[in-house]
Amino acid sequence: MSPGQSPRPLSYRDAGVDIDAGDALVERIKPYAKRTMRPEVLAGIGGFGALIEVGRRFREPVLVAGTDGVGTKLDLAQRLGRHDTIGIDLVAMSVNDILVQGAEPLFFLDYFVCERLDVDVAVDVIKGIAAGCEIAGCALIGGETAEHPGTFPAGSYDLAGFAVGVVEKASIIDGRSIAAGDRLIGVASSGPHSNGFSLIRRIVDVTDADLRKPFDSRTPATLGDALLAPTRIYVKPVLALMTRIRVKGMAHITGGGLTLNVPRMLPEHLQARLSRGRWPRPPVFDWLQAQGSVADDEMHRVFNCGIGLAIALAASDVASALDALHAAGEQAFDIGEIVALPDSAPPAIVVP
């Protein structure tokens, strides 16, 4: 035996990668992925690549792609041992992003990385991803599961997701037609969604809050329930809305909160004026602000504060839009107006 040579034959499993566990995972998740399939999918999970056809219902199809993760919300899910809804968050972050340009999501891929694969945990996560794809109407066509032994924290995992959708070129929503006098509709969030969790975790840790106990007399939910509530997926209600009225612009309220995301859909000469009293703020945001002594401006630039999606439209379409969204099961509110941008003013403000 050469100096330093292993005294016995080594395998991939000895190095920390369990091929059999990976194969078992693929077999267990196939039924969930199968439920998400769309007619455009010619070949999905199992091949080296998935095959998708756009179809003939688009004259000038434009593909819209997005990618995102779940951030440090994963830390709270792992603290509580709750892995069944974090996959919904993963899908939501990408499909909502491409929705705001008018795209219908076609397919989704995921990336799951861990130190050593716990098949049961991974199945829970991917079942959630499949559930999110069903809500969004897109196909889960594949993904990657990676074990990083010795280079990734033991017992933890991270996620990334990738969505591709399609929109008719003439129907792309880019905000160019937004004008002073238009209104903003806000569609309610379920809570913080998947953003601001570094601050949330800091508040939880500094206050030594118990995630397993109720936190507000207005709701029986525990703090963990409120913080882990899965991100709402707005795809189907908004695609239906787009067939009824002219949607001029949309903003998915993610990292950067209300005041940094709403301007992303606006022409440079306009300002969004949001009226804080026009929508109810979920109790979890009141708890976060009070426990963390967070300033109002900081709340508005970090969190969605109860509004997960903002929609710009003509004032004459507000009533019809609200009716359509309410009929689809969404809570929605007329939250503000579009005005000419005053000199040296920010492109979005929240007023009482």
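Some ground rules before we look. Because this is a predicted model, local features need pLDDT of at least 70 and side-chain atom pairs count only at pLDDT 80 or more, while totals for chains, interfaces and linings use all residues. Residues are numbered from 1 along each chain as its sequence is written, and side-chain values use heavy atoms, with hydrogens and water left out.

Let me begin with the cysteines. A disulfide is a covalent bond between the sulfur atoms of two cysteines, and here it is taken as a pair of cysteine sulfur atoms within 2.5 Å. How many disulfides does the structure hold? It holds zero. For Cys114, the closest cysteine sulfur is that of Cys133, which at 20 Å is too far for a bond. The sulfur of Cys133 has its closest cysteine sulfur in Cys138, and there too the separation, 3.8 Å, is too far for a bond. Cys114 is buried, with a relative accessible area of 3%, and Cys133 is buried as well, at 0%; buried means under 20% relative accessible area, exposed over 50%, and partly exposed in between, with a 1.4 Å probe and protein chains only.

Next, the backbone. Most residues other than glycine have a negative phi. Cys305, although not a glycine, has a positive phi of about 55 degrees, and it lies in the loop between helix H10 (296-302) and strand E10 (307-313); helices (H or I, at least four residues) and strands (E, at least two) are DSSP runs, numbered from the N terminus. Ser344 is another non-glycine with a positive phi, of about 60 degrees, in the loop between strand E11 (332-340) and strand E12 (348-351).

Turning to helix H11, residues 318-327, the buried residues are Val318, Ala321, Leu322, Ala324 and Leu325. Seen down the axis of H11, these fall within an arc of 165 degrees, so they line one face of the helix, the arc being that of the directions from the helix axis to the C-beta atoms. On the other side of H11, Ala319, Asp323 and Ala327 are exposed. The buried residues of H11 are covered by elements including strand E7 (183-188), helix H7 (235-242), E10 and E11, where contact means heavy atoms within 4.5 Å.

Two strands pair if DSSP finds at least two bridges between them. E11 pairs with E7 in the antiparallel sense over five bridges, with Leu184 facing Gly336 as its bridge partner. Strand E9 (residues 270-275) also runs antiparallel to E11, joined by five bridges, and there Leu270 has Ala340 as its bridge partner.

Strand E8, residues 249-252, is joined to E10 by four bridges, again antiparallel, and His252 stands opposite Leu309. Gly249 and Ala251 point one way from E8, Met250 and His252 point the other way, and all are buried.

Finally, the largest pocket. Its lining takes at least two residues from each of helix H1 (19-34), strand E4 (104-114) and strand E5 (139-147), and the largest share, eight residues, comes from E5.
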